[in-house]
Amino acid sequence: MLGITEFEFGFVAYNAIRKQEFLDRFSNEYKRVFPIIFKYERNTSRSNEISTSLKQFYFGDGVVENTTHTKDGIEHIYADGITGFALNRATKLISDKNTENTYYYCFTYKGRYSFFYLPDTNRTQTMGAVHHDDLIYLFYMSTLFPYITKNDPEWAIVNRSVRMWGNFVITGFVECRLINNRNC
């Protein structure tokens with residue numbers, strides 16, 4: 001079972017659109033920086049084609065600038081390029097050799113705790129589920145987050161996460177239900 005979060009690399013995008021140097025590189029130096037960031041061959045005609053296609057798909061023809069469209073593009077290119085591509089490749093390799101089903105999951109729970117809090121909110125507002133947020137509700141991380149008890153609003157997601165993973169480990173199957181009625 002392989003998973004991703006709803007705003008997988010939203011924190012990268014949130015911070016990136018505030019840095020003109022980053023935006024300039026994504027606009028003007030994408031053929032150089034995309035292969036480095038997303039780990040594919042560099043300095044070939046094929047890598048230039050891939051970089052041009054990525055820029056076109058995620059950002060269109062225009063300049064990469066501080067807009068919602070750009071923030072979404074950065075979030076999605078990082079999520080797809082760093083996590084999604086590897087997840088899809090692993091899933092294909094596993095499912096080609098496995099006689100059982102291979103599952104994906106998408107974690108969308110927006111709780112009080114996160115690995116990314118919106119700036120200027122004094123760690124009180126999250127953007128939603130970002131990279132590794134699902135682990136908060138599966139493992140107790142004493143140096144980062146408080147212990148979640150039955151009296152906390154997050155208890156239901158802790159209980160559901162532990163039950164889901166426990167069932168998967170024991171049986172190889174997961175009882176699937178949408179969380180917050182949202183899809184990734």
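On the face of helix α2 that is turned away from its buried side, the exposed residues E21 and N28 are found; exposed here denotes a relative accessible area over 50%, buried one under 20%, and partly exposed a value in between, computed with a 1.4 Å probe on protein chains only. The structure is a predicted model, in which local features need pLDDT of at least 70 and side-chain atom pairs count only at pLDDT 80 or more, whereas totals for chains, interfaces and linings use all residues. Residues are numbered from 1 along each chain as its sequence is written, and side-chain values rest on heavy atoms, with hydrogens and water left out.

Helix α2 spans residues 20-28, and its buried residues are F22, L23, F26 and S27. These residues lie on the same side of α2, because they cover an arc of only 130° around the axis, the arc being that of the directions from the helix axis to the C-beta atoms. Helices (H or I, at least four residues) and strands (E, at least two) are DSSP runs, numbered from the N terminus. The buried residues of α2 pack against α1 (10-16), α3 (30-38), α4 (45-59) and α5, where contact means heavy atoms within 4.5 Å. Helix α5 comprises residues 68-97 and includes L87, which is buried at a relative accessible area of 12%. The C-alpha atoms of L87 and Y104 are 8.6 Å apart in space, although the two residues are 17 residues apart in sequence.

With a salt bridge defined as a side-chain nitrogen of Lys or Arg within 4 Å of a carboxyl oxygen of Asp or Glu, the count comes to 8 salt bridges. Within α2, E21 pairs in this way with R25, their closest N and O atoms being 3.1 Å apart, and the two residues are 4 residues apart, about one turn of the helix. E21 counts as exposed because its relative accessibility is 52%, while R25, at 35%, counts as partly exposed.

R112, partly exposed at 40% relative accessibility, forms a salt bridge with D152, the closest N and O atoms being 3.5 Å apart. Since D152 lies in the loop between α6 (133-136) and α7 (155-171) and R112 in the loop between β2 (104-107) and α6, this pair ties together parts that are 40 residues apart in sequence. R112 also forms a salt bridge with E154, with a closest N to O distance of 2.7 Å; this pair links distant parts of the chain, 42 residues apart, E154 being in the loop between α6 and α7. E154 counts as buried, at 1% relative accessibility.
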